[in-house]
Amino acid sequence: MTRIAVLPGDGVGPEIVREALKVLQRVSRLFDIPLTFEDGIVGGAAIDRYGTPLPLETRNLCRTADAILFGAVGGPQWDNLPVDRRPERGLLALRKELGLYANLRPVKLFAPLVDASPLKREVITGVDLLVLRELTGGLYFGEPKEIGPTPDGKGERAIDTLSYTTCEIERIARIGFQIAERRRKRLTSVDKVNVLASSQLWRRVVTETAKEFPGVELSHMLVDNCSMQLIRDPRRFDVVLTENTFGDILSDEAAMLVGSIGMLPSASLGEGPGLYEPIHGSAPDIAGQDTVNPLATILSAAMLLRYSLHHESAATAIETAIDRVLEAGHRTLDIMQPGHAVLVGTAQMGNLVVEHIARG
Ligand code: IPM
Ligand code: MG
């Protein structure tokens, strides 16, 4: 029996996770994959109940599970807390404690959505890239990280630390090359080598690691240029390998290539059980309205089947079902094309995907 820890979190989290669970239950029956689901509390909901964004119980549940399905965390009611006590800290602590350093964010255009993106169809037709974001290093976790008085006592000074070790760069680079080997065999490593010391080491180590993968073509790109090239010519990219903060920013940008951030799933892999979540946040402004797009979370569930359960056919069945539902013209608000499509709510979108899942 495969144990899945389910952490809905805050805002739209519970709504999107509910739809992903429907889909997992459907494939569990259809493909005869025994799954059990155990709920855990995380983020703002956990702060309100236990005073901490990642209670011990949730920690233990995640540590012992085979995989984790995660919704989203955060909301305005917790915005004034210091960074180390905010809801987001629950997610960051999970990533760090479980050693989930490799964050896969595939950016693949579903053909029926070609006109849902604000970008021209001739630029985005056929977009299929993967942002591989380093997830447990860099500015997110570097020490010191603090706010204190300036030495002269006039005002305050805030410090974040961007640090990377050879070992941290090497292991994420290896994953990047391995993924590229199974795709179109091109890897673009993104850095800011003209300014940052951490980028100098990054570029050196990635170049060195590339020697183990002679079949993959490596190129380097500065992050500012990359943010432009992603819009100018996104099809040139296959695997985009980058550090934590750059990956956070570039993946939100890349989401617009495929219509909406509501379409982008992610898998966080490494030492502990894989964690699967949409790349978008908790969207408190639309929570509880049955309007949020559940597809990013449903696609994350497909990634869970692929990477943690090695059940490729079940993963593909979900992705094919989504393609058919979009092909039939069903759209949530974020990908709505007036005049060409039928608007559906969150739950209905989930139900449609369930109905379209078939054994290949
Ligand atoms: C993401 C999110 C998180 C991040 C937040 C919620 C801490 O933006 O997964 O991209 O910055 O990593
Ligand atoms: Mg982000």
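What follows is a conversation about the terms used for this structure and the values behind them.

Modeller: Please keep in mind that this is a predicted model, in which local features need pLDDT of at least 70 and side-chain atom pairs count only at pLDDT 80 or more, whereas totals for chains, interfaces and linings use all residues. Residues are numbered from 1 along each chain as its sequence is written, chains are lettered from A and ligands numbered from 1 in the order in which they are written, and side-chain values use heavy atoms, with hydrogens and water left out.

Biologist: What makes domain 1 and domain 2 the divisions of the chain?

Modeller: Domain bounds come from an automatic or database domain assignment, and here the chain is divided into domain 1 (1-105 + 264-360) and domain 2 (118-257). The C-alpha centres of domain 1 and domain 2 lie 24 Å apart.

Biologist: How do you know that residues of domain 1 are in contact with residues of domain 2?

Modeller: Contact means heavy atoms within 4.5 Å, and by that rule 14 residues of domain 1 are in contact with 20 residues of domain 2. Buried area, which is the accessible area (1.4 Å probe) that two parts lose on being put together, summed over both, comes to about 1,500 Å² between the two domains, with carbon and sulfur atoms giving 63% of it. In domain 1, the residues that lose the most area to domain 2 are K96, Y101 and R105, which together make up 44% of what that side buries.

Biologist: What else is found across the interface of domain 1 and domain 2?

Modeller: The rule finds 6 residue pairs in polar contact there, both residues being at pLDDT 80 or more; a polar contact is a pair of N or O atoms within 3.5 Å, where within protein one must be able to donate a hydrogen and the other to accept it, and residues adjacent in sequence count only if both atoms are side-chain atoms. On the side of domain 1 that touches domain 2, the elements giving two or more residues are α4 (88-97) and β4 (102-108), where helices (H or I, at least four residues) and strands (E, at least two) are DSSP runs, numbered from the N terminus.

Biologist: What makes D128 and R184 a pair that ties together parts of the chain?

Modeller: The closest N and O atoms of D128 and R184 are 3.9 Å apart, and the two form a salt bridge. D128 lies in strand β5 (residues 128-134) and R184 in the loop between α6 (166-181) and β8 (186-191), so the pair ties together parts that are 56 residues apart in sequence. A network of salt bridges links D128, R183, R184 and D238.

Biologist: Is D191 called buried or exposed, and why?

Modeller: Buried means under 20% relative accessible area, exposed over 50%, and partly exposed in between (1.4 Å probe, protein chains only). D191 has 1% relative accessibility and therefore counts as buried, whereas R203, at 23%, is partly exposed. The side chains of D191 and R203 meet in a salt bridge at 2.8 Å, N to O.

Biologist: Why does H330 count as it does, and what is it in contact with?

Modeller: H330 has 17% relative accessibility, so it counts as buried. H330 is found in strand β13 (residues 330-331) and, leaving aside its neighbours within four places in sequence, is in contact with V325, V342, V344, M349 and L352.

Methods
Salt bridge = Lys/Arg side-chain N within 4 Å of Asp/Glu carboxyl O.
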